[in-house]
Amino acid sequence: MLELYQFELSQYSEKVRLILDYKGLEYRKIEVTPGIGQVELFQKTGQRQVPVLKDGSRYISDSTEIAKYIDAQYPERPLMPQDPKLRGLCLMLEEWADESIGTKSRKALFSAISKDQYFRKSLLPSSTPDLLKTLVEGVPSDILKVLGLGVGYSPDAVQGAMRDLKQDLEALTLILEDSPYLLGDQPYLADFAVAGLSILLKFPDGAYLDLPATVKGKGVPGLADNPIYQPFFDWRDRLYAQFRKPIIGSTINNPSAPTSIQID
């Protein structure tokens, strides 16, 4: 069985999970726990970043390379159009989504959780001890802002990310106005990239992610709750209903999981 070394809240892991589900492939999720070290993941895969897909004895890293590998090895329901122009547009949209939505949505979500202590707390796994939940909830916003500065999430950077994301969502909404998918009547890699990478902007409803029920359907204020972008999120949720397999029980294997990640 395929194995996916992942982080449940990584949009790039979600992009791969969407593709695997669309292809109808069985896989096992192996959660990589952040915060302690990357030694075991590196020893097993030669990589320190997630996602990493294991197929037999082979390890493939980077969500785009994983997508290309899956499409080559499992050609049913192709991810790329045959038409050269559409193929080029698909590759361009996928790369744009990685670099724009993928990176800027992290800044937007960080800003949201730094301002809302209850949203911050609700993102913690249900298994988190109550004492730790209380500590996380009680971290002052000023401290989080300082931490954000250390990773490039300054107020100006967050403001710029929000501005760009609004334009991105407006553009996607316009593209999808008269089309079921980004490139026409069939979903391709670009669709799964955009849909998967958007989870930090607004978490999908339904049992698709191993997250507390309190955050499902919620997201970044000004984006997730803006009616202008609702057609995009409606499209994203329809894509999930069509192709994403809901979680039945726990699908994450964790007994000997690596202990740290660097997301993508």
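Buried means under 20% relative accessible area, exposed means over 50%, and partly exposed lies in between, with a 1.4 Å probe and protein chains only. At 23% relative accessibility, D237 therefore counts as partly exposed.

The model described here is predicted: local features need pLDDT of at least 70, side-chain atom pairs count only at pLDDT 80 or more, and totals for chains, interfaces and linings use all residues. Residues are numbered from 1 along each chain as its sequence is written, and side-chain values use heavy atoms, with hydrogens and water left out.

**Salt bridges**

Side chains of opposite charge can pair when their charged atoms come close. A salt bridge is counted when a side-chain nitrogen of Lys or Arg is within 4 Å of a carboxyl oxygen of Asp or Glu. The whole structure holds 13 salt bridges, including those in the table.

| Salt bridge | Distance, N to O |
|---|---|
| K29 and E8 | 3.1 Å |
| D164 and K104 | 3.1 Å |
| R236 and D237 | 3.0 Å |

R236, the partner of D237, is buried, with a relative accessible area of 0%. Salt bridges that share partners join E8, E14, R17, D21, K29 and R244 into one network.

Helices (H or I, at least four residues) and strands (E, at least two) are DSSP runs, numbered from the N terminus. The salt bridge of K29 and E8 links distant parts of the chain, 21 residues apart: K29 is in strand 2 (residues 27-31), and E8 is in the loop between strand 1 (2-6) and helix 1 (11-23). Both K29 and E8 are buried.

D164 and K104 also form a salt bridge. This pair is 60 residues apart, with D164 in helix 9 (residues 155-175) and K104 in helix 5 (residues 101-115). D164 is partly exposed, at a relative accessible area of 28%.

**Helix 9**

Helix 9 has 21 residues and spans 30 Å from its first C-alpha to its last. That is close to the expected 30 Å, which is 1.5 Å times one less than the number of residues. Its buried residues are V158, G160, A161, M162, L165, D168, L169, L172 and T173. The elements covering them include helix 4 (84-99), helix 5, helix 10 (189-197) and helix 11 (230-243).

**Nonpolar core**

A nonpolar core is a set of buried Ala, Val, Leu, Ile, Met, Phe, Trp, Tyr and Cys residues joined through side-chain atoms within 4.5 Å. The largest one has 67 residues, and L20 and W235 have the most contacts inside it. Helix 10 gives the largest share of this core, seven residues.

Contact means heavy atoms within 4.5 Å. Leaving aside residues up to four places away in sequence, W235 touches L176, P180, Y181, L182, D191, V194 and A195.
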